Amino acid sequence: MTTGRLLVNSGTFAAMTSHGDIHGTRGTSTDGLFIRDARHLSRWLLTADGAAPTLLTSSEDGCVLTPAGTRDHPPAYTLFREQAVAPGALTEHIRLVSNRGAPTVVEVELQVDADFADQFELRADHRTYEKPGAHRTAHNTPNGVAFHYRRGETWSSRTAVTASPPPHRTRPADEDGTARVLIWRLALPAHGTADLALTARAVPHGAPEPPLPGAPATVRNRQEADTGGFVHARPRPRDLTSWEELARACEQGLADLAKLRIPFAGPGGEALRVPAAGVPWFLSLFGRDSLLTSLFALPYRPGPAADTLLALAATQGTRNDPARLEQPGRIVHEVRYGELAHFGQVPYGRYYGSVDATPLFLVLLEAHAAVTGDPALARRLEPQARAAVEWMFRDGGLGENGYLRYTSDAPHGGLANQNWKDSPGAVCFSDGHQAEGALAVSEVQGYAYDALVRTARLARTVWEDPREADRLDETAADLRTRFRRDFWMPAQAFPALALDGRDRQVDALASDAGHLLWSGILGPEEEQAVGHRLLRPDFFSGFGIRTLAAGQAPYHPLSYHRGSIWPHDNAVIVLGLARCGLVEQAGAVARGLIRAAALHDWRLPEVMAGYGRDDHPAPVPYPHSSSPQAWAAATPLALLTALRETATASADPSGDVGDTRRHTDGHRESAAR
């Protein structure tokens with residue numbers, strides 16, 4: 001997204017220009033006011049005296065604008081435009097300040113519209129969707145305009161725009177469309193001011209009307225207090241490390257995580273706040289993303305982990321539904337509320353196309369009990385955990401085939417791959433062709449191994465079921481033995497990316513191998529070989545480890561999963577390097593990532609291009625990267641944990657290793673296992 005400003009608050013976000021406008025664009029520069037996967041404002045265009053004002057300065061809070069002027073004839077007035085997003089609403093305050101000693105009248109116009117487009121329509125993938133029976137209307141109200149959208153008898157949404165003072169008049173913006181122009185004639189006394197308050201409130205299908213948000217400053221103060229409470233709670237990252245740059249990246253990450261929390265209901269209807277995957281396209285619950293994000297944050301902020309586990313327990317599969325890939329015990333991949341999901345035109349309303357969310361659910365459940373020292377949640381979610389284990393054995397394939405496997409859901413409109421590298425072509429051979437059939441991806445087997453070991457621990461110590469603990473331990477040991485036999489490629493001294501449907505080793509050298517260091521499925525000699533191999537220049541760019549080693553036929557530095565650099569991928573790898581005692585390697589990757597964060601105003605993006613420091617001194621942006629993005633935001637916290645595990649932290653991004661301060665022994669568990 002290339003808009004100038006992005007405002008995010010409790011599941012609602014607005015993407016707009018630096019001027020504070022919304023043009024209703026599509027593709028990579030999509031803008032608008034969004035809630036529950038729909039665009040509830042598609043135009044929000046301000047003019048003064050018939051022209052778009054000139055921008056003087058812009059910040060997250062708002063901007064300063066003037067009409068055209070010259071050095072000899074400076075602008076007659078200045079517009080101070082203040083904006084904020086509240087749950088379900090955009091609020092704006094415009095203050096006009098006269099710059100002259102004589103009164104004047106300013107005609108202000110605001111063009112507004114709501115197209116109610118589903119987010120899947122707006123993405124730059126050239127897909128179109130039929131909408132039979134869809135109907136949009138707009139009608140004037142005493143203090144603004146109301147937009148309504150219906151599709152058949154089962155779908156309706158609306159947006160209301162209100163103003164104080166009310167507009168003097170309203171006119172259509174187009175002959176055929178629903179856009180309206182609200183017009184005010186505001187009297188400005190000599191060196192005086194005039195004020196205009198605007199609110200757009202969205203009511204998505206099935207949602208209650210949001211409360212009045214109040215003025216932008218009020219909304220901002222509430223959000224800043226909420227974010228500050230999350231960021232500055234103890235333990236504070238800067239109290240745990242002497243590396244100032246890492247501390248700053250952690251604080252920015254915590255601030256982003258606070259804004260990305262969205263409301264969700266737990267198994268008993270309790271109100272939760274879970275980390276959404278990211279903005280703009282993924283401001284929703286995503287199983288894998290929310291689990292890894294919560295795991296990274298767990299030693300410092302355990303709340304997101306507890307809420308994520310409860311949210312995923314509430315949405316766990318209970319039946320067989322091939323259209324959504326739902327199966328009993330399976331953890332959901334993605335939850336959507338939009339129109340296209342409602343009508344089944346995309347499968348993602350509640351989509352279960354993830355092979356790794358279920359074992360990661362078990363990993364996080366045990367880690368939460370270990371880190372907090374409180375087994376209550378693990379005890380409460382015992383039925384869901386047991387159902388997740390049985391899914392791995394039954395539908396996941398662990399029992400029959402010996403590995404967790406999946407087949408492409410692309411022919412049915414779903415995902416081609418169900419591991420974290422879920423784009424088409426991501427799981428490939430070294431010659432570039434895509435692996436086919438029932439795929440067993442390497443890192444997923446590591447997650448399964450870790451899940452079995454951890455759940456055995458819960459069964460033995462919390463659920464008091466030693467027979468189940470023995471079964472899971474035995475299965476884990478067998479999986480570890482078979483994995484090292486079937487996946488290890490002796491000639492490359494590296495594990496295969498996957499086994500394809502014919503059990504052939506998919507031989508591309510990929511970053512997935514680094515996740516195996518974290519899960520513990522490899523032997524000590526293999527761990528050392530993988531850890532050192534990942535730091536060679538074809539993998540390590542200086543800013544992070546590439547998803548595919550450079551030089552292979554499928555490598556492309558601007559590919560989503562075949563050569564780019566993902567901070568969260570690197571975070572798992574660094575945790576694994578720390579677990580294996582590869583202190584120098586863990587420190588090198590951490591320094592590269594924090595160097596990248598420093599060059600992005602301390603905010604790591606979702607993904608970076610795979611170019612190295614020898615190509616360009618700063619990370620090259622990936623064109624379609626989300627930002628803020630949850631597991632990238634949590635990455636510095638994972639780095640902090642890893643460096644505390646090794647009892648080292650860098651004094652500066654390029655310097656020597658120095659001391660770091662520990663918090664509690666319990667937090668050591670989260671990095672290693």
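**Entry 1: Y77**

I listed the contacts of Y77, taking contact as heavy atoms within 4.5 Å. Leaving out residues up to four places away in sequence, Y77 touches A48, D49, T66, P67, L96, V97, S98, N99, V106 and L188. This is a predicted model, in which local features need pLDDT of at least 70 and side-chain atom pairs count only at pLDDT 80 or more, while totals for chains, interfaces and linings use all residues. Residues are numbered from 1 along each chain as its sequence is written, and side-chain values use heavy atoms, with hydrogens and water left out.

I then placed Y77 in strand β8 (residues 77-86). Is Y77 buried or exposed? Y77 counts as buried, at 3% relative accessibility. The classes are buried under 20% relative accessible area, exposed over 50% and partly exposed in between, with a 1.4 Å probe and protein chains only.

The side chains of Y77 and D49 make a polar contact at 2.7 Å. A polar contact is a pair of N or O atoms within 3.5 Å; within protein, one must be able to donate a hydrogen and the other to accept it, and residues adjacent in sequence count only if both atoms are side-chain atoms. N99 is 22 residues from Y77 in sequence, yet their C-alpha atoms are 4.9 Å apart.

**Entry 2: cysteines**

I searched the whole structure for disulfides, meaning pairs of cysteine sulfur atoms within 2.5 Å, and found zero. I also checked two cysteines for burial. C63 counts as buried at 4% relative accessibility, and C250 counts as buried at 0%.

**Entry 3: nonpolar cores**

I took a nonpolar core as a set of buried Ala, Val, Leu, Ile, Met, Phe, Trp, Tyr and Cys residues joined through side-chain atoms within 4.5 Å. The largest one has 168 residues, and F361, M392, V427 and L534 have the most contacts inside it. Helix α16 (residues 630-645) gives the most to this core, eleven residues. Another core lies apart from it, with 39 residues, among them M16, L41, V85 and W184.

I followed up M392. Not counting residues up to four places away in sequence, M392 touches T358, P359, L362, G397, L398, G399, L404, A448, A451 and L452.

**Entry 4: helix α9**

I checked the length of helix α9 (residues 382-393). The expected span is 1.5 Å times one less than the number of residues. For the twelve residues of α9 this should be 16 Å, and the end C-alpha atoms are 17 Å apart, which agrees.

Which residues of α9 are buried? I found Q384, A385, A388, V389, W391, M392 and F393. The buried residues of α9 pack against α5 (303-314), α7 (357-372), α8 (376-380), α10 (442-461) and α11 (466-487).

**Entry 5: strand pairing**

I counted two strands as paired if DSSP finds at least two bridges between them. Strands β3 (residues 32-35) and β4 (residues 38-41) run antiparallel and are joined by three bridges. F34 has R39 in β4 as its bridge partner. The two strands form a hairpin with two residues between them, and R36 in the turn has a positive phi of about 50 degrees.

Next I read off an open sheet of three strands, in the order β21-β24-β25 with antiparallel pairing. β21 (440-441) and β25 (505-506) stand at the edges with a single partner strand each, so one side of each has no neighbour in the sheet. β21 pairs with strand β24 (residues 498-499) over two bridges, in the antiparallel sense. V441 stands opposite A498 in β24.

**Entry 6: backbone exceptions**

Most residues other than glycine have a negative phi, and most peptide bonds are trans. I noted where this model departs from that.

Two peptide bonds came up as cis:

- The bond from R234 to P235 is cis, with omega near 5 degrees; P235 is in the loop between α2 (216-231) and α3 (244-260).
- The bond from S627 to P628 is cis, with omega near 0 degrees; P628 is in the loop between α15 (583-598) and α16.

I also looked up two positive phi values. S10, in the loop between β1 (5-9) and β2 (12-16), has phi near 50 degrees. S10 is partly exposed, with a relative accessible area of 23%. D503 is not a glycine but has a positive phi of about 65 degrees. D503 is in the loop between β24 and β25 and counts as partly exposed at 49% relative accessibility.

Terms used. Helices (H or I, at least four residues) and strands (E, at least two) are DSSP runs, numbered from the N terminus.
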